[in-house]
Amino acid sequence: MSANSEIIVRQLEEDEKIPYPLLLLADEAMEAINKYIFDSEIYVAERNNKIIATYVLKIIDNDTAEIKNIAVDRAFQNRGVGSFLLKHAAGKVKERGFKSLLIGTGDNSLHQLNLYRKLGFIDFKIIKDFFIENYPNTIYENGKQLKDMVVLKKDV
Ligand code: ACO
């Protein structure tokens, strides 16, 4: 997708449907999503008036915001949309005066970890047993049970 020039990023309006099918690509339990979605900002990326990706931003404190969920429609993955949205989020939070942006993922989510590190996020902390304590079912990723969350941080 050439420089993602055809993509418009905007905040979801209050009367629009929460894009659960996309959010569930990144976070497999609706009950986990519902723990953060109602006190977060939802951004959507549109191409030809169709939503193809989303990210969810939660304000943590005066200095810090966190991307709680980022997901790109399968048909549009690996074309730079996710990177574009991560840069968009970092730019927006900087504009608003925050100092850092957090993002968390499974300690075995190698593809996601690589992407975030490539974009300047640095390992910040590990939340032990996050995926055991917060999800109803055991989650496997890359053939291994998901237990700990790695939180990465980028100074914006
Ligand atoms: N053409 C080809 N390849 C490209 C281009 C381009 N124009 N731009 C970037 N790439 C490469 C990147 O360098 C990257 O390479 P790598 O795999 O070697 O690191 C790869 O494509 C992926 O980068 P993007 O295309 O920018 O990422 P994508 O649009 O696929 O989004 C995401 C990444 C969000 C993880 C997506 O794969 C997805 O939705 N996955 C399912 C849900 C998920 O796992 N979400 C994250 C969970 S953690 C959380 O939500 C907080």
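How far from an oxygen atom of the ligand does a backbone N or O atom of Gly82 lie? The separation is 2.7 Å. Welcome to this predicted model, in which local features need pLDDT of at least 70 and side-chain atom pairs count only at pLDDT 80 or more, while totals for chains, interfaces and linings use all residues. Residues are numbered from 1 along each chain as its sequence is written, and side-chain values use heavy atoms, with hydrogens and water left out.

## Around the ligand

Let us stay with the ligand for a moment. There are 23 residues around the ligand, where being near means having a heavy atom within 4 Å of it. Val72, Gly80, Gly82, Ser83 and Gln112 come nearest. Gln112 brings a polar side-chain atom to 2.7 Å from an oxygen atom of the ligand. Arg79 has a backbone N or O atom 3.1 Å from an oxygen atom of the ligand. On its own, the ligand has 990 Å² of accessible area, and the protein covers 72% of that; such areas come from the Shrake-Rupley method with a 1.4 Å probe, and for residues only the protein chains shown count as cover.

## The nonpolar core

Now to the core. A nonpolar core is a set of buried Ala, Val, Leu, Ile, Met, Phe, Trp, Tyr and Cys residues joined through side-chain atoms within 4.5 Å. Buried means under 20% relative accessible area, exposed means over 50%, and partly exposed is in between (1.4 Å probe, protein chains only). The largest nonpolar core holds 28 residues, of which Tyr55, Ile67 and Leu101 touch the most other members. At least two core residues come from each of β1 (7-11), β2 (41-47), β3 (50-59), β4 (64-72), α3 (81-95), β5 (100-106), α4 (110-118) and β9 (149-155). The helix α3 gives the most, with 6 residues. Helices (H or I, at least four residues) and strands (E, at least two) are DSSP runs, numbered from the N terminus.

Tyr55 deserves a look of its own. Leaving aside neighbours within four places in sequence, its contacts (heavy atoms within 4.5 Å) include Val9, Ile42, Tyr43, Ile67, Leu85 and Ala89. Glu41 is also in contact with Tyr55, and Glu41 returns below.

## Salt bridges

A salt bridge is a side-chain nitrogen of Lys or Arg within 4 Å of a carboxyl oxygen of Asp or Glu. The whole structure has 11 of them.

| Pair | N to O distance |
|---|---|
| Arg96 and Glu41 | 2.8 Å |
| Lys50 and Asp73 | 3.8 Å |
| Lys68 and Glu66 | 3.6 Å |

Salt bridges that share partners also join Arg10, Glu16 and Glu46 into one network.

Which parts does the pair of Arg96 and Glu41 tie together? Arg96 lies in the loop between α3 and β5 and Glu41 in strand β2, so the pair ties together parts that are 55 residues apart in sequence. Arg96 counts as partly exposed because its relative accessibility is 42%, whereas Glu41, at 16%, counts as buried.

Lys50 is partly exposed, with a relative accessible area of 44%. Lys68 is partly exposed at 30%, while Glu66 is buried at 11%.

## Glu6

Finally, Glu6 lies in the segment before β1 and is partly exposed at 38% relative accessible area. The C-alpha atoms of Glu6 and Arg79 are 13 Å apart, although 73 residues separate the two in sequence.

Definitions and conventions: A polar contact is a pair of N or O atoms within 3.5 Å; within protein, one must be able to donate a hydrogen and the other to accept it, and residues adjacent in sequence count only if both atoms are side-chain atoms.
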